[in-house]
Amino acid sequence: MIAWLQFILGALLITAGVVVLALSLFGVYRFNYVLNRMHAAAMGDTLGILLVLGGLIVFSGFSALSLKLLLTIVMLWLTSPVSSHLIGRLEVHINEKIDKHLKEVNH
Amino acid sequence: MAKLRNNYESSAWFRFLSWMKKGSSRMERDMIHALETEALPNQRSETEQLALDREREEKERRDRENERAIQDKLHLWSTRRGSRLVRVAYRCAAVLICVAIIYVLLVSMSEEPMFGQAENPVNNEVSARYIEDGLTETGSVNIVGGMILDYRAFDTLGESHVLFIAACSVMLLLRMNLDKNGRPTREQLDAEADDRKYEPHNDVILQKVSNLIVPCLLLFGIYVVLNGHLSAGGGFSGGAIMGAALILYVNAHGLTKASQHKLFGAKVFKYVTFAALAFYSLAKSYSFFMGANHLDSHIPLGTPGNILSAGLILPMNISVVAVSLKKKYSFYPLFRKGDF
């Protein structure tokens with residue numbers, strides 16, 4: 001019974017993660033501007049990987065392997081937003097015509 | 001106290017040095033000096049002098065014109081016929097070299113045994129011996145570590161020297177030296193000024209995260225190195241991890257802050273690389289003189305699975321990591337501004 005629950009929960013998580021990753025890949029090819037594409041890619045890097053690795057953690061139960069997977073999630077969640085931040089910062093710094101891509105929001 | 005010598009000018013060592021430097025000994029210099037002083041009182045009248053001057057100017061002008069004509073001709077030749085000739089020769093040489101290499105490769109391939117036969121070297125007793133007796137002979141649980149640092153340590157010696165030579169040639173090509181008086185040259189100042197755009201680094205997010213991650217990466221690299229004979233890993237992979245950690249640190253905090261640490265300097269690079277390569281060569285280059293035979297090192301192998309086991313593999317892993325880590329780190333500042 002508990003093994004079945006484990007399997008179903010893990011499979012659901014992995015499926016959701018794969019869907020998120022596919023969406024982010026679609027977004028990377030669909031969007032035209034760097035910052036939009038970066039937004040899509042960052043979503044896959046964080047949420048998709050969290051879901052997939054979470055599913056693997058559920059599969060393996062309490063073990064050293066799941067601890068390592070948890071550490072992988074921590075590492076990726078620390079590093080991948082920083083790299084996205086650096087890409088965005090570089091784009092803002094070097095693109096002179098960035099106003100063209102920004103929409104003015106009136107509150 | 002050093003002995004005072006007042007006949008230094010005529011000592012053999014000084015004469016040898018000056019002969020090396022100028023190509024003339026003291027005696028010859030004296031002779032030249034005497035000739036010059038004697039030849040001076042040779043007065044000419046003013047008109048003679050003027051005529052001589054005019055003649056000399058005329059000669060110089062003719063020489064200059066001749067030279068320019070020759071240069072023009074050479075330029076014409078090298079841009080029209082010469083460049084075509086060079087291009088044709090270059091292509092012919094390329095084709096010839098390619099054909100030669102292909103011939104050599106095909107001949108050596110035809111000497112090889114057929115693929116997938118039972119008596120091939122892949123299936124012979126060497127690999128079987130590595131797998132069966134590797135643990136007892138080298139004491140290393142990680143069979144790859146035992147192979148590359150014990151059975152084939154001589155090959156790895158060459159590999160680490162390849163890394164060293166790569167670092168040396170990059171330094172030779174990219175490093176900018178001080179000039180003769182010890183002052184920075186114009187190029188160096190230009191590179192420094194270019195680099196100032198990226199200095200100081202003030203990205204707080206990157207700095208905080210790198211402060212958090214760099215120690216973990218270094219620790220993981222040390223673990224990979226020290227466990228080289230127990231689990232997958234070893235000197236080269238550990239060096240890659242630790243070099244990446246150092247590059248991340250420099251990227252986050254800038255070269256000016258990093259160069260305050262002694263660890264990042266060129267001097268440390270020199271000594272660490274030298275010590276590691278010298279240790280490795282002393283430990284393993286005997287096979288070069290022994291005709292690739294194994295020599296018993298008389299170091300107890302210990303129990304397989306302990307940290308202190310497998311004889312020389314652990315210290316050699318450490319020396320390999322020193323070389324590859326320093327190489328990987330030194331490439332970053334060299335490619336960025338040509339200096340440490």
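**Helical architecture of chains A and B**

Helix 9 of chain B (residues 204-226) comprises 23 residues and reaches 33 Å from its first C-alpha to its last, close to the 33 Å expected at 1.5 Å a residue, the expected span being 1.5 Å times one less than the number of residues. Helices here are DSSP runs of H or I with at least four residues, and strands are runs of E with at least two, numbered from the N terminus. The model is a predicted one, in which local features need pLDDT of at least 70 and side-chain atom pairs count only at pLDDT 80 or more, whereas totals for chains, interfaces and linings use all residues. Residues are numbered from 1 along each chain as its sequence is written, while chains are lettered from A and ligands numbered from 1 in the order in which they are written.

A kink of about 30° is centred on Ser210(B) in helix 9 of chain B, the bend at a residue being the angle between axes fitted to the seven residues ending there and the seven starting there. Ser210(B) is also one of the buried residues of this helix, together with Gly221(B), Val224(B) and Val225(B). A residue is termed buried if 20 or more other C-beta atoms lie within 10 Å of its own, exposed if 12 or fewer do, and partly exposed in between, with C-beta atoms placed from the backbone. The buried residues of helix 9 of chain B pack against helix 10 (235-253) and helix 14 (313-337) of chain B; contact requires C-beta atoms, placed from the backbone, to lie within 7 Å.

Chain B as a whole contains 14 helices and zero strands. Of its 340 residues, 18% are buried. Among contacts in chain B with a separation of 6 or more, 71% involve residues 24 or more positions apart.

Chain A contains three helices and zero strands, giving the pattern α-α-α along the sequence. Buried residues account for 9% of its 107 residues. Of the contacts in chain A between residues at least 6 apart in sequence, 63% join residues at least 24 apart. Phe26(A) is situated in helix 1 (residues 2-30) of chain A and counts as exposed because it has 12 C-beta neighbours inside 10 Å. Phe26(A) lies 9.3 Å from Ala41(A), C-alpha to C-alpha, at a sequence separation of 15 residues.

The contact between the chains takes five residues from chain A and five residues from chain B. On the side of chain A that touches chain B, three residues are nonpolar, two are polar and none is charged. In this classification, Ala, Val, Leu, Ile, Met, Phe, Trp, Tyr, Cys and Pro are nonpolar, Asp, Glu, Lys and Arg are charged, and the others, Gly among them, are polar.

Technical notes: Two residues are in contact if their C-beta atoms, placed from the backbone, lie within 7 Å.
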